[in-house]
Amino acid sequence: MILLIPLSLLTISCSSQPDTQVDEAASNKLRITFWSPFSGGDGQFMAELIQQYNNENQDHVKIDQINNNSGDYYTKLSTAIVTEEAPDIAIVHSAKYSQYAPAGFLTDLNTLALEAGVNWQDFNQTILKSTVADEKHLGIPLDTHLEVMYYNKTWLKQAGLLDEKEKPILMNGEDGFLQFLQKIRENVPSSITPLAEPNVRIDSFWLWYSFYNQMNVDGGRFYTDDEKEAAIDNASALQSLNFVNSLYTQRLIIPNINDSVQTFGKGNAAVLITGVWATGTFEKIPDLNFGVTKIPQIYDHPAAWGDSHTFSLPYHEKPDKKKQIAALKFANWVAAHGASWAKAGHIPAVKQAVQSPEFQSLKYRPDYASAADDVKYFPNHPRQGKMNEEIVREFEKMMVGQSTPQEVLRNAQRIINTNIQIQQNSAPD
């Protein structure tokens with residue numbers, strides 16, 4: 001006997017099994033929440049990397065990126081950690097470790113990273129060092145973003161300061177850089193600033209810190225060796241600050257520049273010293289004929305202020321180890337694909353990523369990649385960020401002629417000592 005079965009039932013029967021399999025696969029897939037402060041071009045590059053990773057690992061893991069406003073990112077992240085609402089993994093700048101590590105906000109990765117297949121020898125050791133506190137690895141470094149020098153080839157050529165390889169003709173030392181900028185001023189229109197730096201915000205502080213760290217004696221020194229007192233008011237700090245101030249007082253930086261990146265992008269500056277993140281912006285400007293190189297060596301050895309994006313595991317009272325391992329595997333994969341991330345302008349932390357044909361074929365980035373060995377991070381003090389904010393305000397007074405470099409350092413000494421005292425009083429017995 002032939003049994004007749006309605007077509008509608010056949011359809012249900014045939015389609016139900018694959019749906020069940022899909023549901024089971026979805027339920028077994030680990031979902032990893034990832035917070036970042038990226039916006040603009042770098043946000044796009046990270047999104048592309050995440051999509052690639054998800055496609056390659058679609059059977060067992062999915063990374064869900066939540067992009068936050070950079071302005072209040074750390075306020076939100078700190079609150080989320082305290083309230084047990086933190087993501088599985090998050091971008092944390094190296095500069096934040098001095099605050100987050102003592103607070104217990106970051107997970108010790110020493111054992112977890114090994115289980116996830118992370119090899120610390122793969123990373124640039126200068127960059128890696130910024131992610132270690134009390135011999136604990138607290139993050140997987142993704143990059144370093146540091147100060148570099150952008151130059152307008154049209155203006156430098158007009159000033160006779162561009163060689164046959166289209167590199168700046170620039171001698172080391174204070175006099176070398178001053179003569180370079182003075183020659184630019186003599187040979188370009190008066191509306192063009194030889195050097196673009198704003199007289200507000202942190203830019204001049206970064207510039208001073210870069211040059212200060214180039215000195216053999218007391219280079220970059222903020223504190224005494226025991227970190228119980230300020231030591232910033234010293235001869236080397238004063239010499240480098242006097243030099244930075246002279247760039248403003250000699251009008252080698254045209255006054256009242258509010259947005260130095262925009263000034264350079266519009267062709268109104270011959271030289272700009274700022275972070276590598278501007279590379280992606282400038283290369284999108286069709287008529288901007290520019291190059292980029294390491295910042296000038298003014299003193300004894302190369303050095304430049306910098307920071308790093310790192311992948312860290314925020315503290316959870318009851319961590320899910322399976323998710324932790326999966327998150328670190330993702331982070332390690334992205335770091336290894338640093339050549340793709342370098343499109344945002346940053347220098348990859350993984351050495352092989354820098355050496356890869358993909359990175360070396362990029363424009364501009366290989367010209368400053370070796371600066372990763374010279375990067376200088378701010379000191380590792382829990383209140384360093386607060387100190388920097390207060391010292392920057394002293395710099396702003398100097399740049400508009402309301403105080404001298406000596407007064408800036410004297411006030412910085414006081415600011416540091418006050419914050420040290422606050423930290424000591426708030427520390428548990």
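Okay, let's start with Ser370: its relative accessibility is 42%, so it counts as partly exposed, meaning between the buried limit of under 20% relative accessible area and the exposed limit of over 50%, with a 1.4 Å probe and protein chains only. Before I go on, this is a predicted model, where local features need pLDDT of at least 70, side-chain atom pairs count only at pLDDT 80 or more, and totals for chains, interfaces and linings use all residues. Residues are numbered from 1 along each chain as its sequence is written, and side-chain values use heavy atoms, leaving out hydrogens and water.

Back to Ser370. You'll find Ser370 in the loop between α17 (365-368) and β14 (375-376); helices are DSSP runs of H or I with at least four residues, strands are E runs of at least two, numbered from the N terminus. Its C-alpha atom is 29 Å from that of Gln99, and the two are 271 residues apart along the chain.

Now, the inside. The largest nonpolar core has 138 residues; a core here is a set of buried Ala, Val, Leu, Ile, Met, Phe, Trp, Tyr and Cys residues joined through side-chain atoms within 4.5 Å. Helix α13 (residues 321-336) gives the most to this core, nine residues. And where does this core lie? Domain 1 (30-142 + 308-376) and domain 2 (146-306 + 381-425) both give residues to it, so it lies between them; those bounds come from an automatic or database domain assignment.

Phe177 is among the residues with the most contacts inside that core. Leaving aside residues up to four places away in sequence, Phe177 touches several residues, including Met149, Phe243, Leu247 and Pro296, where contact means heavy atoms within 4.5 Å.
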